[in-house]
Amino acid sequence: MILRKTKKRLYIFAKCVAYKDFLCYTAFNKTDLDIQIYELLGAGYYIFVSRIFGKNCNDNAVIALRGDIMSFDQRKREEIRKYILSKVALRDKDFVAKTMDNFGVTRLYMEEFIREAIRDEVIAEEPGMPCQYRLIEHIKEQQIDRKQNQQEEDRLYAQYIEKELNGCNENARRIWQYTCAEILNNAIEHSQGDRICIIVRTNALYSSVVIVDNGVGIFQTLVEYMKENGWENPNSEDALIELYKGKITSDSSRHSGEGIFFSSKAMTEFGIWSDAKIYKFGYGQAPDVIEHRLLAYASRLQDIGTLVMMTLENETSRKLSEVFDMYTDIDEGFIRTSIAVKEACLSGEPVARSQARRICNRLDEFKEVILDFSRVEVMGQGFADEIFRVFALEHPQVTLRPVNMIPEVVRMIRHVSRGQIPGNVCLPGYSH
């Protein structure tokens, strides 16, 4: 009799587990037996009957858990969720198979996840596309006429941006408040424009803010400043290189020239389009992807002075204070900069002395310079000599720290140093 009742209950549980990850079931018949049963069902499901309590218990709780969930804690389940959604965001047609392989979940689990994500309006079906699904995105766009709305940057942020970022954690919200205030201030005080467009896009993983003004343009504004302050025939490309370094502003009496530098380092993706030139920086994101997104906005919008695009994970672990700590000293301020060599050499690979001299300009304002050689496949002898021998020997107080180099780049630095690498050049694997 007991065995028949147990089998009947297991059958009921099996039917229910096919629809729910977690089932709490109350038995009608009390019993004094303790039962602990594992039963394998089909595609990797386990049923666990935890315990049927004695007569003094008001409810006899029977808990059924699906096997591919039993072994995962909340953190692991969230990791799986983010992985799946990130693959959907990338339109990966194999996201189901990859998730099953990487995390050991079953196909039924994936089917249930997809059903729930559609129900919760996290993803939507997209027939005909390789992935078959897409992240649902919420878009808010606001046009601001500065002749009628003269609110300052903090109030513009509070009115048009902050309320759209409800899905962000505290780290993200602090970063957004800082970066949006900096970019809005530039649009208000430097652009000389009379209109600002704000676009906020959010989905389950990321939030993106685009701020566009119809002013002169950031690079042209810097060119005018450079002409007035001793640069010889500067152009937009020169302004772009200086912007990568930081500490440059068209109004040094009221601004420090740090806002864009630190904003770019705080974001997952950061890009500026102006005067057909592009400034881009991203963590783990290919610069070409950022450029593609900038160009997509630039082709759709009209009368653009400066377009700034920023993207950040909703649940970022990055802290704004950590970003400042990477490049500043509590007593001496902004002492460290980082330059993406590939992006700073707009005419191609870093091969010429003239390219190096543009990069070296103003580097003596810093105590340490990180030169990021990501994606650089060729470095010319003249470029290397100008930075790692000529500049290094003339400015021994500036530490040069090249990173992310392929072996050919390392060999070229060793070559131009003639066996005597300057003491202020920190070459990985070389001790002075």
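**Pockets, cores and chain-level features**

By class, the lining of the second largest pocket has 13 nonpolar, 14 polar and 4 charged residues (Ala, Val, Leu, Ile, Met, Phe, Trp, Tyr, Cys and Pro count as nonpolar, Asp, Glu, Lys and Arg as charged, and the others, Gly among them, as polar). The structure is a predicted model, in which local features need pLDDT of at least 70 and side-chain atom pairs count only at pLDDT 80 or more, while totals for chains, interfaces and linings use all residues. Residues are numbered from 1 along each chain as its sequence is written, and side-chain values use heavy atoms, with hydrogens and water left out.

The second largest pocket holds about 500 Å³ of space. Of its 31 lining residues, Glu182, Asn186, His190, Thr249 and Ile260 are the closest to its centre. A pocket is an open set of points, on a 1 Å grid over the protein atoms alone, where a 1.4 Å probe fits, with protein on both sides within 12 Å along at least five of seven lines; lining residues have an atom within 4 Å of a point. Grid points are joined across faces, edges and corners, and a volume is the space filled by probe spheres set on the points. At least two lining residues each come from helix H7 (170-189), strand E9 (206-213), helix H8 (218-228), helix H10 (259-266) and strand E12 (306-313). H7 gives the most, with 7 residues. Helices (H or I, at least four residues) and strands (E, at least two) are DSSP runs, numbered from the N terminus.

His190, one of the residues closest to the centre of this pocket, is placed in the loop between H7 and E8. His190 has a relative accessible area of 14% and therefore counts as buried (buried means under 20% relative accessible area, exposed over 50%, partly exposed in between; 1.4 Å probe, protein chains only). The C-alpha atom of His190 is separated by 7.7 Å from that of Thr221, 31 residues away along the chain.

The largest pocket has a volume of about 970 Å³. Its lining consists of 29 residues, with Ala89, Glu137, Asn203, Tyr206 and Arg293 nearest the centre. Elements giving two or more residues to this lining include helix H3 (74-89), strand E6 (133-135), strand E8 (195-202) and helix H11 (287-300). H11 gives the most, with 6 residues. The lining divides into 10 nonpolar, 10 polar and 9 charged residues.

The largest nonpolar core contains 75 residues, of which Ile161, Trp176, Met310, Phe373 and Phe388 touch the most other members. H7 supplies the largest share of this core, 8 residues. A nonpolar core is a set of buried Ala, Val, Leu, Ile, Met, Phe, Trp, Tyr and Cys residues joined through side-chain atoms within 4.5 Å. A second, separate core of 20 residues includes Ile80, Val105, Met110 and Tyr133.

The protein chain has 16 helices and 17 strands. Of its 432 residues, 47% count as buried. Among contacts (heavy atoms within 4.5 Å) between residues at least 6 apart in sequence, 64% join residues at least 24 apart. Ser347 lies in the loop between helix H13 (341-344) and helix H14 (353-360), and counts as exposed because its relative accessibility is 66%. Ser347 and Glu237 are 110 residues apart in sequence and 9.5 Å apart in space, C-alpha to C-alpha.
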